[in-house]
Amino acid sequence: MGTNHFTEEQQAILRQNPYVVKVSERSITYSVEFKERFYREYKAGNMPSAILRGMGFDPRVLGRRRLNRFVGDVSKYEAHNEDFHDRRKDSAGRQRTKDLTPEEKISRLEHQVQYLKQENEFLKKINFLDKKAQWEVKRRQQKNIKSSGK
């Protein structure tokens, strides 16, 4: 099942829609107004493809997979009582460490040390359990050899 990329022509058509904030070959960003209106109409019982047509979109251009994902995302926003603003630009990647105060840096490093200690303990337990399992297998094999030799 291939990825549904937008052609240049489809991108141009989508950019003309007032509910589109940004569109690229691979993605589309909808306006907050669109998300809110879509959700209201969806909750009222309208079908997603009918809602899209009413708002100037061709559901076939967007594709079934993208449409289903969008419906799930919009429902997830509502389930968590969040607004429909795009949070990607607010939390893109790791947080900046360049402008931290010394206290914030110390706090982050302390957290990192605790995390690494916990991870180390976890790996020790896995290693112990793996060795124990190997020992059990070896013991059973020896027991089977002894019992079959009699």
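Helix α2 is followed by Gly45, which has a positive phi near 105°. Helices here are DSSP runs of H or I with at least four residues, strands are runs of E with at least two, and both are numbered from the N terminus. The model is a predicted one, in which local features need pLDDT of at least 70 and side-chain atom pairs count only at pLDDT 80 or more, while totals for chains, interfaces and linings use all residues. Residues are numbered from 1 along each chain as its sequence is written, and side-chain values use heavy atoms, with hydrogens and water left out.

Confidence comes next. With pLDDT being the predictor's confidence in each residue, from 0 to 100, the protein chain has a mean of 85, and 84% of its residues reach 70 or more.

Buried positions in α2 are Phe34, Lys35, Phe38 and Tyr39, where buried means under 20% relative accessible area, exposed over 50% and partly exposed in between (1.4 Å probe, protein chains only). Seen down the helix axis, the buried residues of α2 fall within an arc of 125°, so they line one face; the arc is taken over directions from the axis to the C-beta atoms. Exposed Glu33 and Arg40 sit on the face turned away from that buried side.

How are the aromatic rings arranged? Ring pairs join Tyr19, Tyr30, Phe34, Phe38, Tyr42, Phe57 and Phe70 into a cluster. Rings of Phe, Tyr and Trp (its six-membered ring) pair if their centres lie within 6.5 Å, with planes under 30 degrees apart counted as stacked, over 60 as edge-to-face and the rest as tilted. This rule gives 9 aromatic pairs. Tyr30 and Phe34 are stacked, because their ring centres are 4.8 Å apart and their planes meet at 25°. Phe34 and Phe38 form a tilted pair, at 5.9 Å centre to centre and 40° between the planes. These two are 4 residues apart in α2, and so are separated by about one helical turn.

Phe57, also in the cluster, touches Leu14, Asn17, Tyr19, Val20, Ile28, Tyr30, Phe34, Leu52 and Leu62, not counting residues up to four places away in sequence; contact means heavy atoms within 4.5 Å.
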